Amino acid sequence: MKAGRRARQDEAGVDSVGPEVDDIPSQAEAEIRAFLDDSGPPSALGREELEAMAAPRLITEIPGPRTRALIEADHKVTSPSLPRAYPFAPARGAGSMIEDVDGNVFLDFNAGIAVCSTGHAHPKVVRAIEEQAERLLHYSGGDFYLPIYAEVCAELDRITDVGGPARTFLTNSGTEAVEAAIKLARNSTGRQYLLAFIGGFHGRSYGSVSLTASKAKYHAGFGPLLPGVLHAPFGVSISEFIEPVIFKRLVPPDEVAAVVVEPIQGEGGYVVPPDGWLADLREMCSAHGILLIADEIQSGMGRTGRMWAYEHEGITPDIVLGGKGIASGMPLGAMIARHDVMTWDRGAHGSTYAGNPVCCAAALATIGLLESELIENAADVGPSLMESLGRLQAREPLIRDIRGRGMMIGVDFEDGETADAVEMACLRRGLLVLRAGDSAVRIAPPLVLRHDQARVGVRIFEEACAEVAGTS
Ligand code: PLP
């Protein structure tokens with residue numbers, strides 16, 4: 001094969017054969033421009049009609065012709081590192097429904113990977129963004145005094161219990177919140193070691209990827225990683241591993257700055273630790289002066305039926321990390337820490353864009369909606385969705401386990417191939433779900449999901465399982 005001609009095939013079997021290197025920019029540019037010029041609204045459905053739908057409406061094969069054309073053009077110009085789960089090309093969304101570039105309407109149990117907490121394009125969030133954009137698009141909140149930046153920090157302080165008044169450092173993403181926490185933990189304790197958990201996911205920049213231990217591919221070819229990072233098994237009792245192995249054989253506890261934990265593992269497979277384990281971790285950290293950092297980037301912002309997943313366990317972390325659902329899809333992350341922990345000096349850390357006023361406006365609208373109705377909805381529709389999936393498990397031998405909290409639900413299969421096959425069978429029927437961990441499919445819908453939509457989703461999921469099991 002000549003250099004520059006690389007055959008690729010994605011999960012749906014869409015071939016994309018790269019052209020000669022010299023042709024790539026102009027040809028791909030022209031293809032993408034032609035594609036965009038040709039893109040009116042994909043269907044005649046009004047926003048309210050789209051939002052009111054409960055069942056998918058597919059009008060082409062999946063993926064449709066425009067999706068396939070886009071994928072071919074996209075592969076020529078985008079980084080091949082992008083994970084790209086399956087061939088889905090979203091064009092617009094309303095609530096829990098999302099329409100692709102071919103005009104097919106899908107029921108979305110992904111929410112843009114647990115991000116679109118208030119549903120797609122919630123009118124109150126859109127209005128807040130528009131109003132803020134007209135007033136001020138940017139002024140660095142790190143270097144100057146941006147009122148809305150402080151307003152978001154005050155709101156996060158109000159809704160987050162870190163055992164006392166909090167201060168917040170805003171970021172552009174989840175991984176940056178994790179980086180900030182690594183730096184703050186080392187800086188404020190004067191200790192260097194960090195303890196994270198097998199199966200955990202914390203991001204892909206150097207510090208956060210060093211904490212991540214969900215898949216070896218995140219580390220492959222990138223070593224050496226951040227020194228001073230140790231890992232323990234998730235959910236295994238402290239007396240069984242951390243004390244006898246980490247503290248006795250590897251590093252003394254008084255050199256550990258922080259324990260970083262997802263209260264419910266996300267990318268690792270939507271794994272809920274045993275009852276009381278997080279409380280034991282809290283006790284261990286307090287006993288040794290170690291900071292407990294809850295990475296709530298996926299599990300937070302109402303997804304589990306509480307603002308933060310750690311609240312289910314009655315514990316109080318020292319630092320809480322938020323992202324994803326915090327601003328309904330606008331790029332924002334947050335590190336919320338108690339006053340006595342957030343002690344670093346002026347200039348120690350900052351960011352040009354982080355806490356951008358438009359993202360902050362989206363966050364304020366999001367928090368308002370979560371508190372007024374959506375956390376309650378997640379606590380109502382989520383458990384009933386999980387119960388229906390539990391009943392499905394009783395009928396469907398392919399399903400090994402159903403676990404989670406609120407609208408953070410994992411369905412575990414016997415192996416990864418089965419989980420992949422179910423994910424794709426759902427896609428072909430118009431239901432969007434996503435693989436997680438070794439053998440699970442994650443269900444993380446927008447928190448506006450209604451009971452009728454949940455029922456349709458479970459029915460489609462059942463049909464997809466039956467197809468994969470060969471019993472349909
Ligand atoms: N932490 C957790 C628990 C996550 O799930 C993610 C992303 O999936 C991250 C951190 C990184 O967030 P981002 O992709 O915004 O950098």
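Figure 1. Helix 6 spans residues 147-159, and its 13 residues reach 19 Å from the first C-alpha to the last, close to the 18 Å expected at 1.5 Å a residue. The expected span is 1.5 Å times one less than the number of residues in the helix. Helices (H or I, at least four residues) and strands (E, at least two) are DSSP runs, numbered from the N terminus. The model shown is predicted: local features need pLDDT of at least 70, side-chain atom pairs count only at pLDDT 80 or more, and totals for chains, interfaces and linings use all residues. Residues are numbered from 1 along each chain as its sequence is written.

Which residues of helix 6 are buried? They are Ile 148, Tyr 149, Val 152, Cys 153 and Leu 156. A residue is buried if 20 or more other C-beta atoms lie within 10 Å of its own, exposed if 12 or fewer, and partly exposed in between, with C-beta atoms placed from the backbone. Seen down the axis of helix 6, the buried residues fall within an arc of 145°, so they line one face of the helix. This arc is taken from the directions from the helix axis to the C-beta atoms. The face turned away from the buried side carries the exposed residues Pro 147, Ala 154 and Arg 158. The buried residues of helix 6 pack against strand 6 (166-171), strand 12 (333-338) and helix 11. Two residues are in contact if their C-beta atoms, placed from the backbone, lie within 7 Å.

**Figure 2. The largest nonpolar core.** A nonpolar core is a set of buried Ala, Val, Leu, Ile, Met, Phe, Trp, Tyr and Cys residues joined through C-beta atoms within 7 Å. In soluble globular proteins, nonpolar side chains tend to be buried together. The largest core here has 135 residues, of which Ala 181, Ile 293, Ile 319, Met 335 and Ala 362 touch the most other members. Helix 11 (residues 357-395) gives the most to this core, with 17 residues. Domain 1 (7-23 + 45-121 + 374-469) and domain 2 (125-370) both give residues to the core, so it lies between them. Leaving aside residues up to four places away in sequence, Ala 181 touches Ile 293, Ile 319, Leu 321 and Met 335. A second, separate core of five residues includes Ala 69, Leu 70, Ile 71 and Val 101.

**Figure 3. The contact between the two domains.** The domain bounds come from an automatic or database domain assignment. The C-alpha centres of domain 1 and domain 2 lie 27 Å apart. How many residues does each domain give to the contact? Domain 1 gives 27 residues and domain 2 gives 29. On the side of domain 1 that touches domain 2, two or more residues each come from helix 4 (111-114), helix 11, strand 13 (399-405), strand 14 (408-413) and strand 17 (440-443). Helix 11 gives the most to that side, with five residues. The residues of this side of domain 1 divide into 15 nonpolar, eight polar and four charged. Here Ala, Val, Leu, Ile, Met, Phe, Trp, Tyr, Cys and Pro count as nonpolar, Asp, Glu, Lys and Arg as charged, and the others, Gly among them, as polar.

**Figure 4. Asn 377 in its surroundings.** Asn 377 is placed in helix 11. With 21 C-beta neighbours inside 10 Å, Asn 377 counts as buried. Asn 377 touches Leu 447 and Val 448, not counting residues up to four places away in sequence. Asn 377 and Arg 450 are 73 residues apart in sequence, and their C-alpha atoms are 8.1 Å apart in space.

**Figure 5. Val 259 in its surroundings.** Val 259 belongs to strand 9 (residues 256-261). It counts as buried, with 27 C-beta neighbours inside 10 Å. Val 259 touches Leu 195, Leu 281, Cys 285, Ile 290, Leu 292 and Ile 293, again not counting residues up to four places away in sequence. The C-alpha atoms of Val 259 and Leu 195 are separated by 4.7 Å, although these residues are 64 apart along the chain.

**Figure 6. Backbone details.** The peptide bond from Ile 62 to Pro 63 is cis, with omega near -5°. Pro 63 is in the loop between helix 2 (47-52) and helix 3 (65-77). Another cis peptide bond joins Gly 223 and Pro 224, with omega about 0°. Lys 324, in the loop between strand 11 (319-322) and strand 12, has phi near 35°, a positive value in a residue other than glycine. Lys 324 is buried, with 27 other C-beta atoms within 10 Å.
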